[in-house]
Amino acid sequence: MQFKVGDKVKFLNQTGGGVVSKVVSGSLVYVATEDGFDIPTPTSDLIRMQAETKAEKMFSEDYNVDITEVRTGVPEHGTAKTRVKRSAEEAPGYFIAFVPHDQQWYITGDIDIRIINHSRNDILYNLLLRDDEGQYFGFDYGSVEAGTSVEIDTIDREGLPGWTDGKVQIMVHSEEAAYQPLHASFHIKANKFGSEGSYRDSGLINEKAIIFRLAGPDMLRKVAAKHEAIKVEEEPVETKATEQKKETLIGRYAVGPHAAVVDLHIGEIVDNIAGLSSHDMFQLQMKHFEKTLESAMANNFKKVTFIHGIGNGVLKNAITQKLKEYENLQD
C-alpha cells in the first residue's frame with residue numbers, strides 16, 4: 001500500500017494511529033501522533049483510515065493531528081543501554097551494529113540497531129538516513145556513555161532498504177580537550193542482510209551482528225585555541241564507515257597511530273578475582289603483559305605504556321627484567 005503525506009493511518013500491531021508526516025520510502029514513513037511525536041513506521045504496520053475499502057472501513061477512527069507542529073524524536077529510542085564487553089579486542093571507536101533480534105533467525109527476523117561507544121569518553125550522536133530522493137533527514141539523536149551501547153530502533157526486514165545509506169555525526173565530550181565533530185557515512189548493500197555469513201561474532205557484544213566502525217579516537221582533531229589563528233574555517237572530520245573485522249589484541253588499547261596504553265591492574269584483566277591468590281594474579285598480569293607486548297611488536301607499534309600501579313614493586317621489577325629478553329626495545 002502506498003502512502004502520501006497527510007494520510008490518516010492506524011497502527012496494526014498496537015493501539016492508536018496518526019497522520020503520515022513524511023514518506024521515507026515505499027516501505028517506511030513517519031507517523032505524527034496526537035501526543036506530538038513523529039514515529040518512523042514500516043508501511044506494512046499501517047492501514048489507511050480513509051474508507052476506501054471495506055477492510056479500511058472496519059478500522060475507521062479519527063485522529064486530530066497537526067503535522068506542522070510535530071516534535072521530532074521517538075521517546076523510546078536510545079533507552080536500552082548495554083555495557084560493552086571489557087574483554088573486547090576491537091580497537092577503541094564508535095560503531096553502528098545491526099543485530100538479529102532473534103539469534104536463531106539471522107535472515108528472517110527483526111533487526112535491532114545499536115550505536116556502540118567503545119571509548120573512554122561519552123559521546124553525542126545524530127543519525128541521518130537518506131530517503132528515496134537522495135535527501136538526508138534526521139532519524140534519531142542522543143548520547144552514549146563511555147563503554148556502552150544504545151539500541152536506537154528495531155525494524156523488520158521490509159524496513160531494511162531505508163538503512164542502506166546514512167550518516168552519523170559524533171561529538172566527543174572530554175574534560176581534557178575540545179574536539180571537532182566527526183562525520184561518518186555508511187553504505188550497506190541490501191543483499192548483505194540476507195546472507196547468514198554476514199553476521200559475525202564480535203568482542204563488542206555477546207551476539208552475532210553486522211558491525212561497521214564509524215570512526216575512532218585517533219581521528220579526533222582538537223579545536224584550535226584563540227592564539228592558534230587559522231585562515232581556513234575548521235571543517236568537521238569526514239570519514240567512511242568500514243565493516244568491523246577481527247582486531248589484534250594490542251588494537252584494543254590503541255590511543256593513536258602505533259601507540260597504546262595497557263592497564264595491568266588485575267581488575268582490568270579479569271572480571272572476578274574471587275579465589276585468586278596474589279601469586280595467581282601476578283601470573284595473570286605477567287601473561288597479559290607478554291601477550292600485549294608481543295602483539296604490539298608484531299603490529300609495528302612504536303610506543304606502548306604499561307600501567308602497573310605502585311604496590312610493592314614486584315610487578316614493575318618483573319616487567320623490567322622481562323624486557324631485557326627482547327632485542328631492540330627501549331624501557
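How many bridges join strand 1 to strand 2, and in which sense do the two strands run? Three bridges join strand 1, residues 8-11, to strand 2, residues 17-23, and the two run antiparallel. One of the pairs across them is K8, whose bridge partner in strand 2 is V19. Please keep in mind throughout that this is a predicted model.

Strand 1 and strand 2 form a hairpin, with five residues between them. In the turn, G16 has a positive phi of about 95°. Strand 2 also pairs with strand 3, residues 28-32, in the antiparallel sense and over four bridges. Here V20 has V31 in strand 3 as its bridge partner. Strand 2 is mostly covered, since five of its seven residues are buried.

I turn now to the protein overall. Its secondary structure comes to four helices and 19 strands. Of the 331 residues in the protein, 45% are buried. If we take the contacts between residues at least 6 apart in sequence, 66% of them join residues at least 24 apart.

M49 is in the loop between strand 5, residues 46-48, and helix 1, residues 54-58. M49 and G18 are 31 residues apart in sequence, and their C-alpha atoms are 9.4 Å apart in space. Is M49 buried or exposed? Its relative accessible area is 6%, and M49 is therefore buried, as the limit for that term is under 20%.

Next, I would ask you to find strand 11, residues 148-155. Six of its eight residues are buried, so strand 11 is largely enclosed by the rest of the structure. Seven bridges join strand 11 to strand 8, residues 111-118, and these two strands run antiparallel. Within that pairing, I116 has S149 in strand 11 as its bridge partner.

R120 is in the loop between strand 8 and strand 9, the latter spanning residues 123-130. With a relative accessible area of 66%, R120 is exposed. Which residues does R120 contact, once its neighbours within four places in sequence are left aside? They are A146 and V261.

R120 brings us to the largest pocket. This pocket has a volume of about 960 Å³. It is lined by 27 residues, and those nearest its centre are P92, H118, S119, R120 and R252. The residues of the lining divide into 13 nonpolar, five polar and nine charged. Strand 17, residues 254-256, and strand 18, residues 259-263, each supply at least two residues of the lining. The largest share, three residues, comes from strand 18.

Strand 17 and strand 18 pair in the antiparallel sense over two bridges, and A254 stands opposite A260 in strand 18.

In the loop between helix 3 and strand 19 we find N300. The phi of N300 is near 60°, which is a positive value in a residue other than glycine.

I shall finish with a residue of helix 4, residues 314-323, namely K322. Is K322 buried or exposed? The relative accessible area of K322 is 19%, so K322 is buried, the cut-off being under 20%. Not counting residues up to four places away in sequence, K322 touches M286, F289 and E290.

Conventions
Residues numbered from 1 in each chain as written. Predicted model: local features only at pLDDT ≥ 70, side-chain atom pairs only at ≥ 80, totals over all residues. Heavy atoms only, no water. 1 Å grid on protein atoms, 1.4 Å probe; cavity = no way out; pocket = protein on both sides within 12 Å on 5 of 7 lines; lining within 4 Å. Points joined across faces, edges and corners; volume = space filled by probe spheres on them. Nonpolar A, V, L, I, M, F, W, Y, C, P; charged D, E, K, R; others polar. Pairing = 2+ DSSP bridges. Buried < 20%, exposed > 50% of the residue type's maximum accessible area, 1.4 Å probe, protein only. Contact = heavy atoms within 4.5 Å.
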